[in-house]
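This report describes selected backbone features of one protein model. Please look through the sequence and the structure before reading on.

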Amino acid sequence: FLHPDDVGRTMKFRERLRLGQEVPRFENRYRRHDGTYAWIQWNAVSFPQHSLLMAVGRDVTRQKEAERELRINERRFRMLAENARDVIFRYRVVPKPACEFISPSVLSVTGYAQREFYSDPHLFRAVVFADDQSLLDEATDPGKVASDSAVVRCLRKDGRLIWLEQRGVRIKDSDGQLVAIEGVVRDVTEREEAMRALQRSREDVLMAQHETEDIL
């Protein structure tokens, strides 16, 4: 009833037990009556002097399937994150602030490499304009209500001004304590510059109207 791919490993496992060697937990697949396979986790001990082997097997099929699904989802997430234009991040708040993950696109957006954010958990705050840092404080202060998004001014590594929009989700533990921030950062420089150019145009038009009225 052993899965063909597990026969060799299982025979080695039994041989080590027969020789009285200590063997950590062992897993293999057994064919069920319906033809499907179940993962069995074994805890075993041998008594060579009595030619006796005692073992307890536990069905861990659901656990293995859950682990497999998790690995698939992680690979999908990594693929999406590595190819996304926006910056995807996870920032840990406790027990010690740290950047746990940040996607490679952060280099093209900010000019700083991933390793720089991993080595300096305060780097993102450092590049944000001082007048806009209060918006970041609201996102990490448990006593405040965080907005859905925050638009802040930043300096790229090359000194160029950019506008970044951060959308974050608070991650809390079972006690309601904030433990991490997960979210997306998007470069909205073109949008913000266009909005401000439009606002300046409107102000110029209003000023021209007032001057015309004064002349009339």
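## The loop between S4 and S5

Pro95 lies in the loop that connects strand S4 (87-92) with strand S5 (98-102). Strands are DSSP runs of E with at least two residues, and helices are runs of H or I with at least four; both are numbered from the N terminus. The peptide bond between Val94 and Pro95 is cis, with omega about 0°.

## Basis of the model

The model is predicted: local features need pLDDT of at least 70, side-chain atom pairs count only at pLDDT 80 or more, and totals for chains, interfaces and linings use all residues. Residues are numbered from 1 along each chain as its sequence is written, and side-chain values use heavy atoms, with hydrogens and water left out.

## Strands S1 and S2

Strand S1 (residues 26-31) and strand S2 (residues 37-47) run antiparallel and are joined by six bridges; two strands pair if DSSP finds at least two bridges between them. Opposite Arg31 stands Tyr37 in S2. The hairpin of S1 and S2 has five residues between the strands, and Gly35 takes a positive phi near 95° there.

## Strands S2 and S3

S2 is also joined to strand S3 (residues 52-59), by eight bridges, and the two run antiparallel. Val56 in S3 has Asn43 opposite. Four residues separate S2 and S3 in their hairpin.

Ser51 is in the loop between S2 and S3. Ser51 is not a glycine, yet has a positive phi of about 50°. Ser51 counts as exposed because its relative accessibility is 71%; exposed means over 50% relative accessible area, buried under 20%, and partly exposed in between (1.4 Å probe, protein chains only).
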